[in-house]
Amino acid sequence: MFKFIVRRLLQLIPVLFGVTLLVFLMLHITPGNPAAILAGEGASQETIDNVANRLGLNEPLHMQYIYFVMDAIRLDFGTSWRTGMPVADEIGSRFWVTVELAVYSTILSVFIGIIAGVISAVRRYSFTDVGIMLLALFGLSMPNFWLGLMLMQWFAVQLMWVPASGWGSASQVILPVIALGTAGAAIIARMTRSSMLEVISQDYIRTARAKGTKERVVIYRHALRNALIPVVTVVGLQFGYLLGGAVLTETVFAINGLGRLVVDRIASRDFPVIQASVLIIATLFVFVNFLVDISYRLLNKRIDLD
Amino acid sequence: MTVENILEIKNLKTYFSLDKDRVVKAVDGVSYVVPKGKTLGIVGESGSGKSITALSVLRLVDEPGEIVDGEILFKGEDLVKKKVSEMRKIRGNQISMIFQEPMTSLNPVHSVGKQIKETLHIHEDLIRQEANHKALDLLKLVGIPSPEKRLTQYPFELSGGMRQRVMIAIALACNPELLIADEPTTALDVTIQAQILELIKELQAELHMSVMLITHDLGVVAETCDFVAVMYAGKVVEYADVDTLFESPKHPYTVGLLNSLPRHDIKMEELTPIKGMVPSPFEMPEGCRFAPRCPFATALCQEKLPDLEKKENGQEVRCWIYTDEWDGEEVKVYEPNATT
Amino acid sequence: MNQTQLLKINGLKQYFPIRGGFFGRKVNDVKAVDDISFEINKGEAVSIVGESGCGKSTTGRAILRLDEPTEGTIEFNGVDLLSLKRKDMKKARKDLQIIFQDPYASLNPRLTVRQIIYESMDIQKHVKRQDREARMFELLELVGLQRHQADLFPHEFSGGQRQRVGIARALSVDPKLIVCDEAVSALDVSIQAQVLNLLKKLQKEMELTYLFISHDLGVVRHISDRIIVMYLGKIVEIGDNESIFENPKHPYTKALLSAIPVPNPKKKSERILLEGDVPSPIDPPQGCRFHTRCPFATDLCKEETPQLRTTDGMTENHQAACHYINEIDFEKVKARV
């Protein structure tokens with residue numbers, strides 16, 4: 001197992017290398033001269049050149065890339081072009097807000113999704129099953145920002161059970177997490193259901209019943225364990241989707257997160273902040289999938305653990 | 001009869017209702033007995049209902065299958081009438097079952113030890129060390145090499161033969177009185193099959209179990225069973241002790257099976273296959289179900305289903321030829337086509 | 001009988017690489033078939049028997065070049081199949097057909113029997129379009145199917161009938177050699193007997209040559225003229241039907257034969273019970289590959305690989321690969337069952 005983890009970690013290196021390269025090139029393949037943008041409208045050529053010099057934009061491209069990577073490793077992303085504050089400071093707290101939002105939403109989708117999927121599978125073709133699958137279809141088809149707005153309308157504006165915006169207290173967390181986690185719960189429910197149905201017809205389930213095992217134990221100890229193997233993969237991909245979805249959810253609920261920051265700064269072409277944010281989100285996604293790989297191995301004993 | 005029966009199946013009917021109009025009568029009025037301490041072989045080809053009968057005994061038939069009629073008397077008590085919770089106490093405890101596919105019959109995500117101990121914990125009040133000890137003893141009993149190591153291994157790390165030994169260990173965990181083995185060696189190579197059959201025979205003698213062995217292989221029956229029930233299209237067509245069955249088979253289907261079998265131990269000039277094929281479960285013949293394929297069938301056979309009737313030596317046969325009503329010529333059903 | 005050679009296999013090896021490590025380097029090989037040679041004459045039925053993993057199916061696949069063999073030659077009608085280009089190999093396949101164990105998996109479920117047979121004829125451009133229908137009906141009759149069944153789909157047939165369709169398809173190109181890879185193993189005995197009789201009849205009528213691959217020694221005894229016994233990628237014994245079944249020389253052949261239950265309760269068989277499982281073909285044992293399970297193995301067996309040879313008391317074409325062919329006393333290890 002240890003060897004496997006080390007190997008997977010080493011395999012991350014080229015992936016992360018690719019990510020930094022893309023993020024770096026982002027600045028250079030988007031139209032417009034960054035120095036001119038930064039210098040402001042109507043700046044003289046001299047000012048623009050000065051700005052370019054200060055930012056190192058006149059260096060050869062590969063040197064610029066090397067500086068970029070070296071700085072990124074030290075978590076130094078320069079200063080924001082808009083506010084002049086260090087990018088690390090700008091992102092810092094907002095990053096954790098987004099991670100919290102994504103993690104809570106994932107927990108919600110996994111929890112609800114698996115339970116609903118199991119119930120659906122065990123009571124196949126029953127009223128409950130049809131009901132759950134219909135709900136899942138709704139959850140899947142509903143855009144998260146719209147669901148967010150609806151939730152806000154009912155529970156914050158009309159019923160006034162929770163505040164409509166912000167982040168921090170439990171009451172503020174509930175609505176955004178539901179808005180963001182619903183689609184994931186729906187996908188996981190459908191996945192769990194079909195996976196469970198397949199597993200339930202396996203020979204070893206019959207063996208478990210022939211031992212005199214209680215039906216509940218058959219379902220949870222014997223069937224679910226096996227059924228989760230494909231579901232785990234989906235959870236990893238789901239996390240990436242959540243990071244993307246967070247942008248809209250944060251905007252709807254006025255949460256000061258990374259997503260909202262990125263949207264803000266794209267408008268003003270604040271490249272250091274955008275680059276740093278994209279880099280961090282991409283890295284996070286890569287690591288979550290690394291964790292998924294490991295849990296996949298833990299669940300699936302058939303893969304040899306060399 | 002002086003022999004006590006551990007299991008008596010009487011007129012068992014297990015039907016699968018696919019939809020309103022289509023019912024597959026997989027087991028349609030099956031009766032046979034398993035004498036205590038003996039091995040009963042159930043032979044038949046695919047679709048004969050032999051496995052469904054066995055699953056019915058443990059009440060493990062999957063939806064939409066259902067026992068619609070009949071009795072399954074285990075030590076005199078009717079299993080059909082038992083509550084599910086009562087059945088659970090019998091499964092894996094007094095009656096155990098092993099299956100055809102050792103490759104898929106063990107749970108891939110649990111260790112071998114855990115799967116053996118599970119049965120022990122369900123039926124016996126054991127503390128952990130006791131269960132560990134017993135699991136190890138069981139692995140030794142079924143002759144698995146380096147048993148200590150196997151406890152922590154997973155099924156995928158074992159060969160097919162070893163997995164079947166593990167299945168047997170699980171089945172024997174609580175000293176069952178009846179072991180049902182559903183094609184236990186069909187998926188295995190012959191040299192491994194020989195090991196497993198030998199093991200079942202040894203254990204049966206050692207533990208005084210009764211065994212119900214379901215197989216399509218007449219060779220396996222001849223070597224391991226004391227009694228045989230031959231099934232065809234959801235019914236028992238012949239029942240006899242093993243010597244009688246192979247020496248003087250009475251039902252034309254039994255005879256047909258014996259004459260279809262290519263043998264490695266003797267030279268045979270010609271195989272005599274049974275013509276045609278098993279009837280579709282949706283178009284069962286009115287009369288004797290074997291009539292369309294039977295070389296001796298008469299009008300009577302086409303019209304009326306014969307009963308399973310007792311003959312000498314306790315042999316039972318479901319065929320008009322051996323009744324007073326027989327309307328055809330005198331026929332010789334069995335002529336051994338090979339010299340042994 | 002006029003003994004003309006149809007197929008000659010020489011030094012055939014089929015290794016399947018195992019990849020692993022960082023960049024999918026080859027770390028080892030599964031030595032599925034490891035240096036085997038044999039011949040098949042025209043009109044013969046030869047069987048390869050052995051347990052799972054012995055390499056019998058791999059050999060069959062190699063002959064049709066379904067896998068590319070690692071080493072060796074396969075001469076068919078005097079031409080080395082392994083040297084042929086793709087296009088020429090396609091032509092050669094007209095003479096070489098294979099029937100698989102699971103007829104359902106090997107028939108396209110969306111084509112009717114008529115289409116399946118036409119397709120096979122068209123690939124080889126062997127039958128003129130206007131003659132196709134007549135030929136197809138002829139084939140159906142030959143394999144015991146009815147004319148009206150030509151327009152049914154594979155799922156509308158029973159297992160035995162599907163195998164008949166598979167046979168009809170194989171015959172549609174007038175092959176010289178048919179490889180039957182466990183062709184009757186999945187069938188019930190009563191149906192299996194029908195198909196076996198059919199195959200025998202066809203062999204006589206069409207002068208076919210068969211290579212039977214089977215684990216069922218009853219079937220093999222019934223159908224074959226000569227038998228090849230394989231164990232872990234090697235031939236351990238080869239000989240005619242009578243020699244193998246009545247006078248087996250290799251301890252593995254003996255054990256294999258004695259392991260099969262006999263459908264006669266009066267005849268208590270004397271069994272040589274083999275211990276353990278077949279070793280892995282990735283690292284097969286040194287010396288004789290059977291030595292780990294052989295009750296007679298000595299130090300010599302662990303070191304030196306025995307060659308196929310004929311000794312006293314064996315017929316001319318009967319060979320076994322054992323160091324102690326005439327020195328083994330089987331009585332010592334027999335267990336009465």
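On the side of chain B that touches chain A, helix 3 (112-123) and helix 6 (160-172) of chain B each supply at least two residues, helices (H or I, at least four residues) and strands (E, at least two) being DSSP runs numbered from the N terminus. Helix 3 of chain B gives the most to this side, with five residues. By class, the side of chain B that touches chain A divides into 12 nonpolar, eight polar and five charged residues; Ala, Val, Leu, Ile, Met, Phe, Trp, Tyr, Cys and Pro count as nonpolar, Asp, Glu, Lys and Arg as charged, and the others, Gly among them, as polar.

This is a predicted model, in which local features need pLDDT of at least 70 and side-chain atom pairs count only at pLDDT 80 or more, while totals for chains, interfaces and linings use all residues. Residues are numbered from 1 along each chain as its sequence is written, chains are lettered from A and ligands numbered from 1 in the order in which they are written, and side-chain values use heavy atoms, with hydrogens and water left out.

## Chain B against chain A

The contact (heavy atoms within 4.5 Å) takes 25 residues from chain B and 20 residues from chain A. Together the two chains bury about 2,200 Å², of which 57% is on carbon and sulfur atoms; buried area is the accessible area (1.4 Å probe) that two parts lose on being put together, summed over both. In chain B, the residues that lose the most area to chain A are B:Arg88, B:Val109 and B:Glu118, which together make up 26% of what that side buries. The count of salt bridges between chain B and chain A is three, a salt bridge being a side-chain nitrogen of Lys or Arg within 4 Å of a carboxyl oxygen of Asp or Glu. In one of them, B:Asp62 meets A:Arg209 at 3.8 Å, N to O.

## Chain C against chain B

Here the contact takes 43 residues from chain C and 43 residues from chain B. These chains bury about 3,800 Å² between them, with 55% of that area on carbon and sulfur atoms. C:Val189, C:Pro263 and C:Pro265 supply 16% of the area that chain C buries against chain B, more than any other three residues.

Three salt bridges are counted between chain C and chain B, including the one between B:Glu223 and C:Arg271, whose closest N and O atoms are 2.8 Å apart. The interface also has 19 residue pairs in polar contact, both residues being at pLDDT 80 or more. Helix 6 (189-206), helix 7 (217-223), helix 8 (241-246) and helix 9 (251-259) of chain C are the elements that give two or more residues to the side of chain C that touches chain B. Of that side, helix 6 of chain C gives the most, with nine residues. The side of chain C that touches chain B has 18 nonpolar, 13 polar and 12 charged residues.

## Salt bridges within chains

Over all chains, the count comes to 41 salt bridges. In chain A, A:Arg265 and A:Glu90 meet at 2.9 Å, N to O. This pair links distant parts of the chain, with A:Arg265 in helix 11 (residues 258-267) and A:Glu90 in helix 5 (residues 87-122) of chain A, 175 residues apart. A:Glu90, A:Arg265 and A:Asp270 are linked in a network of salt bridges.

In chain C, the side chains of C:Glu39 and C:Lys8 form a salt bridge at 3.8 Å, N to O. C:Glu39 is in strand 2 (residues 25-41) and C:Lys8 in strand 1 (residues 5-20) of chain C, 31 residues apart. C:Asp174 forms a salt bridge with C:Arg135, their closest N and O atoms being 3.1 Å apart. C:Asp174 lies in the loop between helix 5 (159-171) and strand 7 (177-181) of chain C, and C:Arg135 in helix 4 (residues 132-142) of chain C, so the pair ties together parts that are 39 residues apart in sequence.

## Exposure and cysteines

Buried means under 20% relative accessible area, exposed over 50%, and partly exposed in between (1.4 Å probe, protein chains only).

| Residue | Relative accessible area | Class |
|---|---|---|
| B:Cys225 | 5% | buried |
| C:Cys288 | 12% | buried |
| C:Arg135 | 16% | buried |
| C:Lys8 | 25% | partly exposed |
| C:Asp174 | 32% | partly exposed |
| C:Glu39 | 36% | partly exposed |
| A:Glu46 | 61% | exposed |

The structure holds zero disulfides over all chains, a disulfide being a pair of cysteine sulfur atoms within 2.5 Å. The sulfur of C:Cys288 is 6.0 Å from the closest cysteine sulfur, in C:Cys301, which is too far for a bond. A:Glu46 is found in helix 3 (residues 45-55) of chain A, and A:Glu46 and A:His222 are 176 residues apart in sequence and 73 Å apart in space, C-alpha to C-alpha.

Definitions and conventions. A polar contact is a pair of N or O atoms within 3.5 Å; within protein, one must be able to donate a hydrogen and the other to accept it, and residues adjacent in sequence count only if both atoms are side-chain atoms.
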